[in-house]
Amino acid sequence: MSISLLENSLQVDIYFEESDRDFEDDICISFIEDCPAEEKIFRADETNIYVTPDQACLLVLALQRAMENYRSSCQEP
């Protein structure tokens, strides 16, 4: 899955890295930046973070909770 953020200057790809199947942290979150150096968040053009399936689930839960809080704050009483 690929997500574009920050006016398309940051691309986030999330995928299962089949070649890393022997490792516990085989889910990759890849950040690719296409912007001038002074606007970069990361030092490299591409930064990869590998997480375990349990950590990936925790990230999903955290995003879901943030969305639930957002939606409940947008509802009119």
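This is a short tour of one structure, stop by stop.

**Before you start**

The model is predicted: local features need pLDDT of at least 70, side-chain atom pairs count only at pLDDT 80 or more, and totals for chains, interfaces and linings use all residues. Residues are numbered from 1 along each chain as its sequence is written, and side-chain values use heavy atoms, with hydrogens and water left out.

**Stop 1: the loop between E1 and E2**

Select Glu7. Its place is the loop between strand E1 (2–5) and strand E2 (10–16). Strands (E, at least two residues) and helices (H or I, at least four) are DSSP runs, numbered from the N terminus. The phi of Glu7 is near 55 degrees, a positive value in a residue other than glycine. Glu7 is exposed, at 80% relative accessible area. Exposed means over 50%, buried under 20%, and partly exposed in between (1.4 Å probe, protein chains only).

Now select Asn8. Asn8 is also in the loop between E1 and E2. Its phi is near 65 degrees, again positive in a residue other than glycine. Asn8 is exposed, with a relative accessible area of 61%.

**Stop 2: the aromatic pair**

How many aromatic pairs does a search of the whole structure find? The search finds 1. Select Phe31 and Phe42: their pair is tilted, 5.0 Å centre to centre, with 35 degrees between the planes. Phe31 lies in strand E3 and Phe42 in the loop between E3 and E4, so the pair ties together parts that are 11 residues apart in sequence. Rings of Phe, Tyr and Trp (its six-membered ring) pair if their centres lie within 6.5 Å; planes under 30 degrees apart are stacked, over 60 edge-to-face, the rest tilted.

Phe31 is buried, at 16% relative accessible area. Phe42 counts as partly exposed, at 24%.

**Stop 3: Ala37**

Select Ala37, in the loop between strand E3 (27–33) and strand E4 (46–51). Ala37 is exposed, with a relative accessible area of 62%. Ala37 and Ser72 are 35 residues apart in sequence and 38 Å apart in space, C-alpha to C-alpha.

**Stop 4: the lining of the largest pocket**

Select Ile3, Leu5, Val12, Ile14, Ile27, Ile29, Phe31, Ala56, Leu59, Val60 and Leu63, which line the largest pocket. A pocket is an open set of points on a 1 Å grid over the protein atoms alone, where a 1.4 Å probe fits, with protein on both sides within 12 Å along at least five of seven lines; lining residues have an atom within 4 Å of a point. E1, E2, E3 and helix H1 (53–74) each supply at least two lining residues. H1 gives the most, with 4 residues.
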